[in-house]
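Subject: Structure for you to look at

Hello,

Here is the structure I promised to hand over. Please open it first, then read my notes below.

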Amino acid sequence: MFSIGDHILAIQGHPEYTMDILFNLVERLRNQNEIESDFVEDLKARLESAEPEREVWKKICKNFLNRRLTRESSKFIMVED
């Protein structure tokens, strides 16, 4: 965890998660009625063709540590007032 003034960056990654683990987790959430089936099917389809966005995360972390808080590809928002 890092902080700069009132801004905090905390990331908990799980590089040990394989696709099988992710699919199992998603199915468990569906079976517990925590998420809807349509969402599960869409998510599984997207996960099958997904690659980790390591470069995006690397850029976000570097920008944060260099005190350049930015909006990154509409997925991650870090705002400086």
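K44 is found in helix α2. Keep in mind that this is a predicted model.

Is K44 buried or exposed? K44 counts as buried, because its relative accessibility is 19% and the cut-off for buried is under 20%. Which residues does K44 touch, leaving aside those up to four places away in sequence? They are F23, E27 and R30. Look closely at F23. The charged end of K44 sits over the ring of F23, 5.7 Å from the ring's centre.

**The chain as a whole**

Now step back. The chain has three helices and four strands. Starting at the N terminus, the order of elements is β-β-α-α-α-β-β. The chain has 81 residues, and 19% of them count as buried. Take the contacts with a separation of 6 or more: residues 24 or more positions apart account for 35% of them.

**Helix α1**

Start with the length. α1 has 13 residues, so at 1.5 Å a residue it should span 18 Å. The end C-alpha atoms of α1 are 18 Å apart, which agrees.

Which residues of α1 are buried? They are F23, V26 and R30. Seen down the axis of α1, these buried residues fall within an arc of 65 degrees, so they line one face of the helix. Turn to the other side of α1 and you find D20, N24 and N31, which are exposed. What do the buried residues of α1 pack against? They pack against α2.

Next comes a loop. N33 lies in the loop between α1 (19-31) and α2 (37-48). Is N33 buried or exposed? N33 is exposed, because its relative accessible area is 70% and exposed means over 50%.

Check the backbone here too. Most residues other than glycine have a negative phi. N33 is not a glycine, yet its phi is positive, at about 60 degrees. This residue comes just after α1.

**Helix α2**

Run the length check again. α2 has twelve residues, so at 1.5 Å a residue it should span 16 Å. The end C-alpha atoms of α2 are 17 Å apart, which agrees.

The buried residues of α2 are V40, L43, K44 and L47. Viewed down the axis of α2, they fall within an arc of 100 degrees, so they line one face of the helix. These buried residues pack against α1.

**The core**

Which residues make up the largest nonpolar core? There are five: F23, V26, V40, L43 and L47. The elements that give two or more residues to this core are α1 and α2. α2 gives the most, with three residues.

Find F23 in the core, then find the charged end of K44 over its ring.

Best wishes

Note on methods. Residues are numbered from 1 along each chain as its sequence is written. This is a predicted model: local features need pLDDT of at least 70, side-chain atom pairs count only at pLDDT 80 or more; totals for chains, interfaces and linings use all residues. Side-chain values use heavy atoms; hydrogens and water are left out. Buried means under 20% relative accessible area, exposed over 50%, partly exposed in between (1.4 Å probe, protein chains only). The expected span of a helix is 1.5 Å times one less than its number of residues. The arc is that of the directions from the helix axis to the C-beta atoms. Contact means heavy atoms within 4.5 Å. A nonpolar core is a set of buried Ala, Val, Leu, Ile, Met, Phe, Trp, Tyr and Cys residues joined through side-chain atoms within 4.5 Å. A charge sits over a ring if NZ of Lys or CZ of Arg is within 6 Å of the ring centre and within 35 degrees of the ring normal.
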